[in-house]
Amino acid sequence: MLKWMKKSNNNDADAYTSTLDGMKKVYKKYVRPLEELYRYHEFYSPLLTDSDFDAPPTVMLLGQYSTGKTTFIKYLLETDYPGLRIGPEPTTDKFVAIMHGEQDQIIPGNALVVDQKHPYKVLTRFGNNFLQRFEAAVLKNPVLHGLTLLDTPGVLSGAKQRVNRGYDFTGVVKWFADRVDMIIMLFDAHKLDISDEFQQVITACKGNDTKIRIILNKADRVTNQQLMRVYGALMWSLGKVLNTPEVARVYIGSFWDQPYQNDDNRRLFEAEEEDLFKDVQSVPRGAIIRKLNDLIKRCRLAKTHAYIIAHLKNEMPAVFGKESKQKQLITNLPLIFEQIQKATDISPGDFPNVQEFAEKLKVCDFSKFHKLNQGMIDALEKMVSTDLPRLMAQVPQDQELAHEDFMAAVRKRDGGALYDMDSTPFGKGETFDVFNAQLSTSEYVHEFEELGPNADGKITGTQAKHPMQDSKLPNSTLKRIWTLGDVDKDGMLDIKEFTIVKQLMKIKLDNHELPVEVPKPWLESLGITDYRR
């Protein structure tokens, strides 16, 4: 568990050892009893559990099939996850929560929703058809220490849109959108299109505009002029669908580990990738304030809901005419909201949608509602005015702990594409026969000498950077190659290390995966005995 989620041994029962600890305590003491008394969960979202607070922040990826969602996840992790399958056809037909664990495994949906450690219990309401299309992929990866990634089925287009998925796909997307910390929507620059189903998915994400990030992926497949036109068309289309004056941040690039087909926009792609990765890195830090903000919003809704239910109870007759009175109250619901708003000075924005609330009231028996418990309301208001400001004061410290904890993981040698590139000159696997090959420096001596090694026979990162970029491999791949090749970790390369770097580049250009560490036969053939991992 992350450091910022751990509890200290403080003996002061009233002290909050962390922001999350405090949120759980105030919710259980002040908010949940009010929700249970006035049946909040029947009208809004279910009652919260500890797993809802403790769950790591989540990044959800959405897009039509073959826009590169699953490939993007692989690019971030720099490894496959259990059950991963990539292809031009719709290969991801499930919602897959990719999370950290000590042992690689796949947890089926039905088992996942009954596990109290995960906040997915409520998903049972979408039925067994959905649960068969939901699973968790567990693997040991530093990026996943403080982050869960959610891969989603490719949104259908064309005639495929008429296929019935067997569950409420848009409803599931909305449920996740309301709870995740970031929503990344991917579009293919080579075949830009927004299908009817994708429009419905984007509409389902409304209300979460600040979470949305847009990726115009596979941008190296088009020319500069085509990219400009595609970007303009994307912004115009999104403006119509999102119906907002400002469209979400759009990142342009090709997020995979293959050479760029069109290298003209390399600097643009590198800058966009760096900005996106910084955005993703900030998610654990922002998760704490988001959860606190959601709790404050829930407090206001619970208070308003209590006043509404209590008012309806007070209006009900003691014995006769209950059914007709109940129908009359539902019909007059807009007027009732207005009366409550004037009497309590509650903001109109804290009241629910009249039509949706009226539909849910039709199946209720108003006589079983409870009258207003003013003591619980007063306690809730006091908590909002005293306890929540104390929690707000703890947020900055916990945010830094969250960020440091996450970045400490990704800075590791195997920290995925979010690895800190500033430690390499590129800032701002599978096993096959070649891994057993004997390497020789003679093949690369001439090229190395042309780079002008110093008196110690070494070249700097600056000297190596541009020749390595001539391969057109993405910077995230090159920084991984540099990290492997810099055997003694001095930030420079001698001829032996340069030979390793060149061999790793050749392997990647031959469409193979990079090894986790430099193969032992390479080190032995080059006479390297001191290898620092």
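**Lys94 and Glu135**

I looked up lysine 94 and found a salt bridge to glutamate 135, with the closest N and O atoms 3.2 Å apart; the term requires a side-chain nitrogen of Lys or Arg within 4 Å of a carboxyl oxygen of Asp or Glu. Lysine 94 lies in the loop between helix H3 (69-77) and strand E2 (95-100), and glutamate 135 lies in strand E4 (residues 134-139), so the pair ties together parts that are 41 residues apart in sequence. I take helices (H or I, at least four residues) and strands (E, at least two) as DSSP runs, numbered from the N terminus. Lysine 94 is partly exposed at 24% relative accessibility, whereas glutamate 135 is buried at 11%. Buried here means under 20% relative accessible area, exposed means over 50%, and partly exposed lies in between (1.4 Å probe, protein chains only).

**Basis of the entries**

I note that the model is predicted, that local features need pLDDT of at least 70 and side-chain atom pairs pLDDT 80 or more, and that totals for chains, interfaces and linings use all residues. Residues are numbered from 1 along each chain as its sequence is written, and side-chain values use heavy atoms, with hydrogens and water left out.

**Further salt bridges**

I recorded 32 salt bridges in the structure. Arginine 249 pairs with glutamate 272, the closest N and O atoms being 3.5 Å apart. Arginine 249 sits in the loop between helix H8 (224-242) and strand E8 (250-252), and glutamate 272 sits in helix H9 (residues 266-281), so this pair ties together parts 23 residues apart in sequence. Arginine 249 is partly exposed at 34%; glutamate 272 is buried at 10%.

I then examined arginine 480, whose salt bridge with glutamate 78 has its closest N and O atoms 3.9 Å apart. Arginine 480 is buried at 9% relative accessible area, while glutamate 78 is partly exposed at 31%. Glu78, Lys479 and Arg480 are linked in a network of salt bridges. In H3 itself, I found 9 of its 9 residues buried, among them Phe72, Ile73 and Tyr75.

**Phe269**

I located phenylalanine 269 in helix H9 and found it buried, with a relative accessible area of 1%. Leaving out residues up to four places away in sequence, phenylalanine 269 touches Ala219, Asp220, Leu227, Ile252, Gly253, Tyr260 and Asn262; contact means heavy atoms within 4.5 Å. Phenylalanine 269 and aspartate 220 are 49 residues apart in sequence, and their C-alpha atoms are 8.6 Å apart.

**Nonpolar cores**

I looked for nonpolar cores, that is, sets of buried Ala, Val, Leu, Ile, Met, Phe, Trp, Tyr and Cys residues joined through side-chain atoms within 4.5 Å. The largest has 51 residues, of which Tyr120, Phe130, Phe176 and Phe187 touch the most other members. A second, separate core of 43 residues includes Phe53, Leu295, Ala306 and Phe357.

**Helices H11 and H12**

I checked helix H11 (residues 322-331) against helix H12 (residues 333-344): their axes come within 5 Å and cross at roughly 70°. Axes are lines fitted to C-alpha atoms, for helices over the stretch in contact, with angles from 0 to 180 degrees between N-to-C directions. The two helices are therefore roughly perpendicular, a term covering 65 to 115 degrees. Leu329, Ile330 and Thr331 of H11 meet Leu333, Pro334 and Ile336 of H12.

Key:
Angles under 35 degrees count as roughly parallel, over 145 as roughly antiparallel, 65 to 115 as roughly perpendicular and the rest as oblique.
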